[in-house]
Amino acid sequence: MAIQQIPAAAAGKTMFRTMLTSGTSYTVPTGATYLNITTIGGGGGGSAGGGGYNGNDGTGGVVAYSTLTATSGASIVYAIGAGGAANSDGGTTTFTGATSAAGGKGGNNGGVTAIGMLNAANNMGRGGSGNGSVGGGTGASGSIIVEYWL
């Protein structure tokens, strides 16, 4: 996991952390001037197994980091990426002004591509594979972590 920068203006202040898993708008707390944003894309859904073989896991959503200058009381629009249904890609998570995080790949949609290999280790909401003729699992929804100092 990457280390985010702590703004110089945060020295001697207390850090607060909020996790967003639903909704569409975030209000910057009074007194906050910087936000560290971690966006996590929705996990890809796993694929079904067949012919006695197991299916493929979906990959975890991409994790992206950003530091933003903020205005107290401002409303910031965001969207949480949905987890992919079986064999479907996860949705992209966005936070206005920050780097977006793409969803993970579905089990048969490139779960072992370069992006899949990059994100397979993070296991951020990936969908499970099917066993035999059992269908694949649904990926977890994405999320956003907001850090600020007061």
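What follows is the sheet, strand by strand, and then the loop residue.

First, the ground rules. This is a predicted model, where local features need pLDDT of at least 70 and side-chain atom pairs count only at pLDDT 80 or more, while totals for chains, interfaces and linings use all residues. Residues are numbered from 1 along each chain as its sequence is written, and side-chain values use heavy atoms, with hydrogens and water left out.

Now the sheet. It is open, with 4 strands in the order S1-S7-S3-S4 and antiparallel pairing. At the edges are strand S1 (15–20) and S4, each of which pairs on one side only. On average, neighbouring strands of this sheet are turned by 15 degrees against each other, direction ignored; the axes here are lines fitted to C-alpha atoms, for helices over the stretch in contact, and angles run from 0 to 180 degrees between N-to-C directions. Strands are DSSP runs of E with at least two residues, and helices are runs of H or I with at least four, numbered from the N terminus. Two strands count as paired if DSSP finds at least two bridges between them.

Going across, S1 and S7 run antiparallel and are joined by 6 bridges. Thr 18 has Val 146 in S7 as its bridge partner. Next, S3 pairs with strand S7 (residues 143–149) in the antiparallel sense over 5 bridges, and here Thr 39 is partnered by Ile 144 of S7. Then S3 and S4, also antiparallel, are joined by 7 bridges; Ile 37 has Ser 66 in S4 as its partner.

How much of S7 is buried? Of its 7 residues, 7 are buried, so S7 is largely enclosed by the rest of the structure. Buried means under 20% relative accessible area, exposed over 50%, and partly exposed in between, with a 1.4 Å probe and protein chains only. Ser 143, Ile 145, Glu 147 and Trp 149 point one way from S7, and Ile 144, Val 146 and Tyr 148 the other.

Last, the loop between strand S3 (34–40) and strand S4 (63–69), where Thr 59 sits. Thr 59 counts as buried because its relative accessibility is 4%. A polar atom of the Thr 59 side chain lies 2.8 Å from the backbone nitrogen of Lys 105.

How values were computed. A polar contact is a pair of N or O atoms within 3.5 Å; within protein, one must be able to donate a hydrogen and the other to accept it, and residues adjacent in sequence count only if both atoms are side-chain atoms.
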